[in-house]
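Let's take a quick tour of a protein model. Have a look at the sequence and the 3D picture, then read on.

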Amino acid sequence: MPANLPPEYHEAERRYKEADSPQEKVETLEALISTIPKHKGTDKLRADLRKKLSKYKSQAQSSKRKTGKHETHFHIEKEGNARVVVLGAANVGKSSLVANLTHADPEISESPFSTWTPVPGMVVHNGVHIQLIDTPALDRDYMEPEFVDLIKHSDLVLLMIDLQAFPIQQFQKSIDILESHNICPIKHDSGLTDKKIHKLPYVVVANKDDAEKLDEDFNVLNELLREEGFVLLPVSVKTGRNIHGMMNFIIKELMIIRVYSKKPHEEPDYSRPFILRKGATIDDFAMAVHKDFHENMKNARIWGNEVHEGQVVSREHLLCDGDVVELHI
Ligand SMILES: Nc1nc2c(ncn2[C@@H]2O[C@H](COP(=O)(O)OP(=O)(O)OP(=O)(O)O)[C@@H](O)[C@H]2O)c(=O)[nH]1
Ligand SMILES: [Mg+2]
């Protein structure tokens, strides 16, 4: 037990010990944890109490009447063009990634199980706004139903594994936990055929690939995962290695395309792309620009890789990433 705990701790501990019901235990434990100063000396104590909290939450949840609604940290408003949920075992670097790419300030710690509530942040990459959500570790004893819901309401799972800590077992465990809650990767045949299965695109990253000497480990892991049908990306949040490449890959997997508008006789406006999904047409683009364009448009001119410069196209024309479009009323 760390020696330098404040007097409020002992008072909160007494209330926690006196609490009877699981719900009271949850409330008093949360209060108790909030009295503990955050530093290395208290890491273990906080992790232990968090474990207990998770157990009581589970008990409180099962004894709670089904009708009773309650406030939850897991309800996060969707913002931006897409939502990416960062998942993985304890200590792999999920919070570090979110802290690194966004203005959010989740707790980062050497000791496992430091994140207990999801923390959203916003990352803007090549004009695309992505809501990136840091989450509690998957390998806890208990996973809140609201956490499962949050994942199901995301557009992509960024599954992170720690290259330096039994990555194969870690990967398998994370996949299994998600599968036990009916969440599976879209491209992967899990063998489950139940209609309840929720399929999502997965991007798997091996974090802590800090230096070339670790690439050998990465290659072995990559081979194994490829046999299972997964693409693995090496990254290092610490050194920034391949983080840019990872973001490009995420945008590709989200099937996001960026289309730029252009007024006649003017240069395209590259500062503000319109964000659409693969399969979008000129019609969808016109709707995104303004409903008046959508109603009154006669045709459009387009510049891009798969068209002739300034080619005139109809409403049904399929758009590609990077196209520039001039709408004509
Ligand atoms: N060497 C190395 N360490 C890293 C890297 N990314 C994160 N870490 C360290 O790994 C530890 C865990 O990082 P966190 O970001 O707290 O991990 P987490 O996945 O959020 O952990 P939990 O919230 O406990 O599940 C910290 O000590 C980080 O500094 C990396 O790329 N390389
Ligand atoms: Mg964390």
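Here is a short briefing, sorted by topic.

What you see is a predicted model, in which local features need pLDDT of at least 70, side-chain atom pairs count only at pLDDT 80 or more, and totals for chains, interfaces and linings use all residues. Residues are numbered from 1 along each chain as its sequence is written, while chains are lettered from A and ligands numbered from 1 in the order in which they are written.

**The overall build**
- The protein has 10 helices and 13 strands; these are DSSP runs numbered from the N terminus, with helices being H or I of at least four residues and strands being E of at least two.
- Its C-alpha atoms fill a box of roughly 75 × 50 × 45 Å along the principal axes.
- Out of 329 residues, 33% count as buried, meaning that 20 or more other C-beta atoms, placed from the backbone, lie within 10 Å of the residue's own.
- The domain assignment gives domain 1 (7-63), domain 2 (82-253) and domain 3 (257-328); such bounds come from an automatic or database assignment.
- Taken over C-alpha atoms, the centres of domain 1 and domain 3 are 55 Å apart.

**Helix H2**
- H2 covers residues 22-34, and its 13 residues reach 18 Å from first C-alpha to last, close to the expected 18 Å (1.5 Å times one less than the number of residues).
- Lys25, Val26, Leu29 and Leu32 are the buried ones here.
- They sit on the same side of H2, because they cover an arc of only 130° around the axis (the arc is that of the directions from the helix axis to the C-beta atoms).
- Val26 counts as buried because it has 22 other C-beta atoms within 10 Å.
- Val26 and Ile282 are 256 residues apart along the chain, and their C-alpha atoms are separated by 53 Å.

**The largest nonpolar core**
- This core has 62 residues, of which Val84, Val85, Val86, Leu158, Ile250 and Phe285 touch the most other members (a nonpolar core is a set of buried Ala, Val, Leu, Ile, Met, Phe, Trp, Tyr and Cys residues joined through C-beta atoms within 7 Å).
- Strand E4 (residues 156-162) gives the most to it, with 6 residues.
- Domain 2 and domain 3 both give residues to the core, so it lies between them.

**Around ligand 1**
- There are 22 residues around ligand 1, and Gly93, Ser95, Ser96, Thr115 and Lys238 come nearest (a residue is near if its C-beta atom, placed from the backbone, lies within 6 Å).
- Helix H4 (residues 94-101) gives the most to this shell, with 3 residues.

Terms used: A residue is buried if 20 or more other C-beta atoms lie within 10 Å of its own, exposed if 12 or fewer, and partly exposed in between; C-beta atoms are placed from the backbone.
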